[in-house]
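Please load the model in your viewer and keep a selection panel at hand. The stops below take you from one selection to the next and say what to look for at each.

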Amino acid sequence: MNIIKDYFSNWSIFNQKQTRNYNVVFTGMTGVGKTSLLYKMKLGEFIGDSDIGRGTMYNVEYYSFRDRQFTLWELKTISPHATHVNLKIDVLILVVDSSNDRLHTLQETKQYFYDALKDALQYSGEQTSILILANKCDQPNTSILKEIEDQLELPLLNNYIDNNSSTKSNHLWHIQAVSAKSGYGIDESLDWISNILELQQQNY
Ligand SMILES: Nc1nc2c(ncn2[C@@H]2O[C@H](COP(=O)(O)OP(=O)(O)OP(=O)(O)O)[C@@H](O)[C@H]2O)c(=O)[nH]1
Ligand SMILES: [Mg+2]
């Protein structure tokens, strides 16, 4: 009997622990750096203006970090794709262009953000974890985080979610300055995601 057990235990499939996969969704207005950030995390490289992941309605990549498996989704619009693949969102990432030559004003970004959030809440669980990435912080004259936080009214985020989701739950949000180009803030973002998932696991 042991011989049979040893034989099968050498097969990696029998040794693999059942690991959960977490869905991390990147969204944000055009040109803010969603694709660049996704591939900076995945490949550790700034893809610049190469064709990787460009011109597509969505991108999806698998990624491991601190023994966790992630599926990273770049979704320009959440609903059609999320419905199609029956997605459960674990972490929502809103990417904002923090440089002063951004294509959209912070007021437009705010409108987009709350629309996207309302949409995403349909696919979120009991806890909603939201990471706001203020990208392109390598550029001169970027908005300080406080300005983005105030303009997007982030301190009121919990009330907004409570009013727009069916469950009263714990919502955790965080804003982080990042640069897909220099890599600034990427590790901190991944640490935040990892810690938040740890916390979610402890609560359930
Ligand atoms: N300086 C600088 N440029 C960046 C950074 N991240 C992205 N870019 C540039 O911003 C432009 C848009 O980047 P993308 O990653 O394609 O942005 P996106 O949000 O995926 O754009 P869409 O998918 O078209 O909505 C490209 O020219 C990138 O090279 C950054 O951190 N710093
Ligand atoms: Mg893109």
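A residue is near a molecule or strand if its C-beta atom, placed from the backbone, lies within 6 Å of it. The model is predicted, and for that reason its local features need pLDDT of at least 70 and side-chain atom pairs count only at pLDDT 80 or more, while totals for chains, interfaces and linings use all residues. Residues are numbered from 1 along each chain as its sequence is written, and chains are lettered from A and ligands numbered from 1 in the order in which they are written.

**Ligand 1**

Select ligand 1 and the 18 residues around it, of which Gly33, Lys34, Thr35, Ser36 and Lys181 come nearest. Colouring this shell by class gives 2 nonpolar, 10 polar and 6 charged residues, where Ala, Val, Leu, Ile, Met, Phe, Trp, Tyr, Cys and Pro count as nonpolar, Asp, Glu, Lys and Arg as charged, and the others, Gly among them, as polar. The largest share of the shell, 3 residues, comes from H3.

**Helix H3**

Next select residues 34-43, which form helix H3; helices (H or I, at least four residues) and strands (E, at least two) are DSSP runs, numbered from the N terminus. Among the buried residues of H3 are Leu37, Leu38, Tyr39 and Met41.

Within H3, pick Thr35, which UniProt lists for "binding site" in an unreviewed entry; UniProt positions are given in the numbering used here, feature names are shortened, and annotations may be inferred rather than shown by experiment. Thr35 is buried, with 21 other C-beta atoms within 10 Å. Not counting residues up to four places away in sequence, Thr35 touches Gly53, Arg54, Asn59 and Glu74, contact meaning that the C-beta atoms of two residues, placed from the backbone, lie within 7 Å.

**Ala180**

Move to Ala180 in the loop between E6 and helix H8 (186-203). Ala180 counts as buried because it has 28 C-beta neighbours inside 10 Å. Leaving out residues up to four places away in sequence, Ala180 touches Gly33, Ser36, Leu37, Lys40, Phe46 and Asn135.

Now select strand E5 (residues 124-135), which is mostly covered, 9 of its 12 residues being buried. E5 pairs with strand E4 (residues 89-97) in the parallel sense over 8 bridges, where two strands pair if DSSP finds at least two bridges between them. Highlight Ile93 and its bridge partner in E5, Leu131. E5 also pairs in the parallel sense with strand E6 (residues 171-177), over 7 bridges, and there the bridge partner of Ala134 is Ala177.

**Tyr62**

For the last stop, select Tyr62 in strand E2 (residues 58-65). Is Tyr62 buried or exposed? Tyr62 is exposed, since it has 10 other C-beta atoms within 10 Å. Its contacts, not counting residues up to four places away in sequence, are Gln69 and Thr71, and Leu72, 10 residues apart from Tyr62 in sequence, is 6.1 Å apart in space, C-alpha to C-alpha.

Technical notes. A residue is buried if 20 or more other C-beta atoms lie within 10 Å of its own, exposed if 12 or fewer, and partly exposed in between; C-beta atoms are placed from the backbone.
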